[in-house]
Each structure stands twice: as structure tokens, then as C-alpha cells.
Amino acid sequence: MASLLGSGFFQARPDNLSLARYISRRQLRYTRRVPTEPDDDEIVTWWGLVIEGYLATQDRLMGEIADRFDLAPASFDILLRLVRSPENRMPMTRLAKEAALSSGGFTKVADRLAAADLIHRVPSSADRRVTYACLTEHGADVAEQARKACADILRRTVLEPLGPQASESLAEAMRTLREANAPT
């Protein structure tokens, strides 16, 4: 108690107010604060929580995918994009760009996927500059199983803790941030 008295905690309270009224007024002042105008520490903390939550969830997701399918994150990302594309194929340059891989980095991933009989390269008949990455039959099976496992893991790690409405709001918020901060 002596440390509280010396710290100024009680000294900041006007003498003519009861402690309960004083606390009530301070709480009211904090609840009136506009949530769209956080102070510096709050916004930095919020962003840190977004990053920490994402990393913890992504680490768990990728760990389970690696354990079940022996796929590195970049390989899983490529397979997932292909299995969700028309005819299970995409131009390799577009696929590299969407997966945020350099040309050399993508070539290494594509070589590993081809060596594992998960994809093959098909030149475009319409444009000789274009080569498609296409899922093999084995690759389509693995990609579909991995996609299903990913959905199951996300139901457990995102949907269960947040619920459907908060999960959808989170996705919309991230879509907004992606669009607002995309390179122009």
C-alpha cells in the first residue's frame, strides 16, 4: 500500500470524488476512445498479434502437410494453385509470380516436383514463349489429398477457435489489406 501511495496512484484522484466514481469516470473516458484511432503501442501490438497468429497457424499447417505428404511449403503452394486451376495447369511465369518465387527459385521447385512425378512441363501450342506447368495424374491425386488435408487443418486451427463469422471477417480484412497495399 505504501508503494501505491508514493507512486501517485491515489494522488491523481480529486479529493471530492469517491474512489468508485473516480474509477467509473476513468473507465468511461477509455471506453469513449475511438477504436479507429489507436495509439502507437496499440497499433504496433495489433499488427504483432496478426503476424504471430499467422505464423503460428501457418507453421502448424505446413508442419502437418510436410509430415503427411513430404511437401515443402513452396511445393505445396504450387500444387494447390494447380489443382484449383482450369485443366490443372498454369503458365509457369504466372505460377511463379503468384507463388512469389523468383524465376530461379521457381525452376528449382518445378524441377523437384517434376522429378517426383507431380508435374510436367508442356509447351504452349499457341505461343512458343509459354510453357505450362501441368499436374500429372499422380500429382493431381497428391494435390487433391493435400488440399483436403489443408481444409481439414484450417477447420481445426482457424474455424474452430474463431467461428465462421470471425473467420470470414478475417479473410475480408486480409483481402482489403492485400488490395490496399498491392504494388501499383
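1. Helices and strands here are DSSP runs, helices being H or I with at least four residues and strands E with at least two, numbered from the N terminus. By that rule, C134 lies in strand β3. A word on the model before we go on: it is a predicted one, in which local features need pLDDT of at least 70 and side-chain atom pairs count only at pLDDT 80 or more, while totals for chains, interfaces and linings use all residues. Residues are numbered from 1 along each chain as its sequence is written, and side-chain values use heavy atoms, with hydrogens and water left out.

2. Let's start with the overall layout. The chain has eight helices and three strands. Read from the N terminus, the order of elements is α-α-α-α-β-α-α-β-β-α-α. Of the 184 residues in the chain, 24% are buried, where buried means under 20% relative accessible area, exposed over 50%, and partly exposed in between (1.4 Å probe, protein chains only). The chain exposes about 13300 Å², and carbon and sulfur atoms supply 55% of that area; accessible areas come from the Shrake-Rupley method with a 1.4 Å probe, and for residues only the protein chains shown count as cover. Among contacts (heavy atoms within 4.5 Å) with a separation of 6 or more, 48% are between residues 24 or more positions apart.

3. Next, the sheet. Three strands make an open sheet, ordered β1-β3-β2, with antiparallel pairing; two strands count as paired if DSSP finds at least two bridges between them. At the edges are β1 (89-91) and β2 (119-123), each pairing on one side only. On average, neighbouring strands of this sheet are turned by 25 degrees against each other, direction ignored.

4. If you like to follow the pairing residue by residue, here are some places to look. β2 and strand β3 (residues 131-135) run antiparallel and are joined by five bridges. P123 has T131 of β3 as its bridge partner, and V122 has Y132.

5. Four of its five residues are buried, so β3 is largely enclosed by the rest of the structure. Leaving aside neighbours within four places in sequence, C134 is in contact with N88, R89, L118, I119, H120 and V122. For H120, the C-alpha to C-alpha distance to C134 is 5.4 Å, across 14 residues in sequence.

6. Now turn to helix α4, which lies across β1, β2 and β3 and runs at about 90 degrees to β3. For such angles, axes are lines fitted to C-alpha atoms, for helices over the stretch in contact, and angles run from 0 to 180 degrees between N-to-C directions.

7. Helix α4 (residues 73-83) also packs with helix α7 (residues 137-162), at an angle of about 100 degrees and with axes 9 Å apart. The two helices are therefore roughly perpendicular to each other; angles under 35 degrees count as roughly parallel, over 145 as roughly antiparallel, 65 to 115 as roughly perpendicular and the rest as oblique. From α4, the residues F76, L79, L80 and V83 meet A140, V142, A143, E144, A146, R147 and C150 in α7. The residues of this contact divide into nine nonpolar, no polar and two charged. Here Ala, Val, Leu, Ile, Met, Phe, Trp, Tyr, Cys and Pro count as nonpolar, Asp, Glu, Lys and Arg as charged, and the others, Gly among them, as polar.

8. How exposed are they? E87 is exposed, with a relative accessible area of 67%, whereas N88 is partly exposed at 23% relative accessibility.

9. Finally, a serine towards the end of the tour. S167 sits in helix α8 (residues 164-181). Is S167 buried or exposed? S167 is buried, with a relative accessible area of 13%. Apart from neighbours within four places in sequence, S167 is in contact with V158, L159 and L162.
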